[in-house]
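Dear colleague,

I am passing on the structure below, together with some notes on what turned up when I went through it. Please read the notes alongside the coordinates.

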Amino acid sequence: MKAVCTKNEMVAAVVEKHGAKKDKLLAILLDLQDASGQNYLSEEICSLAAEALKMSPAKIYEAATFYSMLFTEPQAKYLIEVCSSTPCYFNKSKLVVDTLEAELGVKEGEQTADGLFIFYLAQCFGACDQSPAVKINHEVYGPLDSAEKIKALLYELRQRGEQ
Amino acid sequence: MRIEAPVLLKKVDIMHDCTSVADYKGCGGFVGFHKALHSGQSAVLDELELAELRGRGGAAIQAHLKWRQLYEMEIFPKYIVCNADEGESGTFKDKILLRDNPLSVIEGMLIAGYVFGAKHGYIYIRGEYRKIQDSFQIALDNAKAAGYLGEKIQGIEGFDYDISIVSGSGAYVCGENSALLNSIEARAGRPRLKIQRLAQVGLFKKPTLVNNVESFACIPVIMEYGGAAFKEMGTSKGGGTKLVCLSGHAKNKGVYEINLGTPLNDLLYSEKFGGGTASGRPIKFVHFGGQSGPIGFEPALNFYYSYEGLWDNGLAMGSGAIVVMDESVSVVEYCREVMRFFVHESCGKCTPCRLGTTRALELLERFAACEAQEGDIERLEQILINIRNLSQCGLGQSADTAVMSAIKGARHEFEACISKKGGQV
């Protein structure tokens, strides 16, 4: 997304990109979430989206609170989802979780102090041939079957995040 | 002479740019569509019946039954919807079609649009495949530019049809067709009470066809080669080839296209497919068809991989997922993780599903910690039966399948977890 001056303009740009139609609601909310920089939908953004789509804020919140890819509280710049469905769980997803805890110094659902990372256990996102797999924002990484690979990935993301 | 796989994925290695209509047509793309136009709507339905294509999403219903039902509806507009919400664990084959052969899916949806006189089609792609949504949109734009979508398709007056992408956002339950339609309508993706079928009351309360990605990709193949040839690619209870997904402890994880009727032993052990386990340990059990599918145990996995081959052995194909587990895995722990999935994904509408899966998980956690009590196996079975019988949609109705099949095939592992100490439940 290009830098935009106001939240109004940003919402208008996203809605124009997809079209102001109800079937584009989730695509619009996902883009608005990306644009927040902290992977979440604020109350203000939800109100603006409601106006733009001529829907009630309650309907926006119905979607924002139902779907597991959408968050209504600030998360972090990098939202790490560790697949914990059976093809990954039994292919060392616990190693991924343990390494993230050790390297980031946080438990599941806790943001790191620098606001860069947060991780959750997630359900299958179709990367079973790359198990254990991780999804960070919209990118899938795997197999992350060693602590070294996980540390290298975090290092790369930190470099990018601090730019 | 039977046509051998690959058929659905055959063009993938030939096309330079899979979103290019020229590349797609260069290896036979849109031949099926032109044949459909030439032979007429009713003939397409006849070919579909000869083909015996079973829905590739997991329900395995004969596609021609759904199509004929919608064809006979006298209400318009009719909608064509592609279920690309691929959410069953161990399933990643629709991803390959969407990413590497998008025009085959578009061609299938186009043929459906022609048969039903639909003006609009929707493809609901899961939010986790966001990047693939972008490349699929390019394929749609190219198809439109080449006159295969939009107004006056191929110069035919009145044949106006377009396809939009709708994004999912992380809800397995939206793979259930009526929940998916609710999601397109900007509602929470909870299933509907289906007093009438979706062919009668579907999207925006209009008659709707919902089929899986792979099912749509089969349609141009059926029209190109003919229904009888498609049937011959398969077996007595279902025609065609099938995309299967090998994962878990399989050595050679990936998507493979096979003729239905391929021996399961080949899929599991041949170097051409799974190649045994990555660890070298023996295969202990296989979870078929996704979280909602059944578990089969070695050494009883010596049969042909086909609809009837699986059914005759008390199993089912489901999505085509084949999750291999070696001897290091406790069946009880595996079942616990399966139930954890259902607790997370239950939409919450039906109390027996919402609470039942939670209680089943608690029981399975007790088993996994070797703290189960006498009678807990029976308690677990009763909860699972209640979830199945009292839930409104396929999620709850199949939440019991894996665990029940595990208890049937490995009851001794559950019994070994029953605490010998006394005490209250």
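I would begin with B:F30, which sits in the loop between α1 and α2 (31-39) of chain B. Please keep in mind throughout that this is a predicted model. The phi of B:F30 is near 70°, a positive value in a residue that is not glycine, and the side of the backbone question should be read together with its accessibility, for at 1% relative accessibility B:F30 counts as buried. Most residues other than glycine have a negative phi, and most peptide bonds are trans.

B:F30 also belongs to a cluster in which ring pairs link B:Y24, B:F30, B:F33, B:Y114, B:Y148 and B:F159.

B:K152 is partly exposed, with a relative accessible area of 44%, whereas B:F30 is buried at 1%.

Over all chains, a search of the whole structure finds 22 aromatic pairs. One of them is formed by A:Y89 and A:F90, an edge-to-face pair with 4.9 Å from centre to centre and 70° between the planes. A:Y89 counts as partly exposed at 27% relative accessibility, while A:F90 is buried, with a relative accessible area of 14%. Chain B also has charged groups placed over rings: B:R54 lies over the face of B:Y307, at 5.7 Å from the ring centre, and B:R126 lies over the face of B:Y129, at 5.5 Å from the ring centre.

Turning to the peptide bonds, two cis cases deserve a look. In chain A, the bond from A:S131 to A:P132 is cis, with omega near -5°, and A:P132 is found in the loop between β2 (117-122) and β3 (134-136) of that chain. In chain B, the bond from B:A5 to B:P6 is cis, with omega near 5°, and B:P6 is placed in the segment before α1 (21-26) of chain B.

In chain A, helix α3 (residues 43-53) has as its buried residues A:I45, A:C46, A:L48, A:A49, A:A50 and A:L53. Which helices do the buried residues of α3(A) pack against? They pack against α1 (7-18), α2 and α4 (57-66) of chain A. An α-helix has 3.6 residues a turn, so residues three or four places apart point the same way. After α3(A) comes A:K54, whose phi is positive, near 55°.

Finally, the cavities. A search of the whole structure finds 4 cavities of 30 Å³ or more. The largest cavity has a volume of about 90 Å³ and is lined by 13 residues, of which B:C347, B:K349, B:C350, B:C353 and B:C393 lie nearest its centre. By class, that lining has 7 nonpolar, 5 polar and 1 charged residues.

The second largest cavity has a volume of about 80 Å³, and its lining includes A:L30, A:Q33, A:D34, A:M69, A:F71, A:K135 and A:H138. Both α2 (25-35) and β1 (78-83) of chain A supply at least two residues each of this lining, and the largest share, 3 residues, comes from α2(A). By class, the lining of the second largest cavity has 4 nonpolar, 4 polar and 3 charged residues.

With best regards

Notes:
Residues are numbered from 1 along each chain as its sequence is written. Chains are lettered from A and ligands numbered from 1 in the order in which they are written. This is a predicted model: local features need pLDDT of at least 70, side-chain atom pairs count only at pLDDT 80 or more; totals for chains, interfaces and linings use all residues. Side-chain values use heavy atoms; hydrogens and water are left out. On a 1 Å grid over the protein atoms alone, a cavity is a set of points where a 1.4 Å probe fits but cannot get out, and a pocket is an open set with protein on both sides within 12 Å along at least five of seven lines; lining residues have an atom within 4 Å of a point. Grid points are joined across faces, edges and corners, and a volume is the space filled by probe spheres set on the points. Ala, Val, Leu, Ile, Met, Phe, Trp, Tyr, Cys and Pro count as nonpolar, Asp, Glu, Lys and Arg as charged, and the others, Gly among them, as polar. Helices (H or I, at least four residues) and strands (E, at least two) are DSSP runs, numbered from the N terminus. Rings of Phe, Tyr and Trp (its six-membered ring) pair if their centres lie within 6.5 Å; planes under 30 degrees apart count as stacked, over 60 as edge-to-face and the rest as tilted. Buried means under 20% relative accessible area, exposed over 50%, partly exposed in between (1.4 Å probe, protein chains only). A charge sits over a ring if NZ of Lys or CZ of Arg is within 6 Å of the ring centre and within 35 degrees of the ring normal. Contact means heavy atoms within 4.5 Å.
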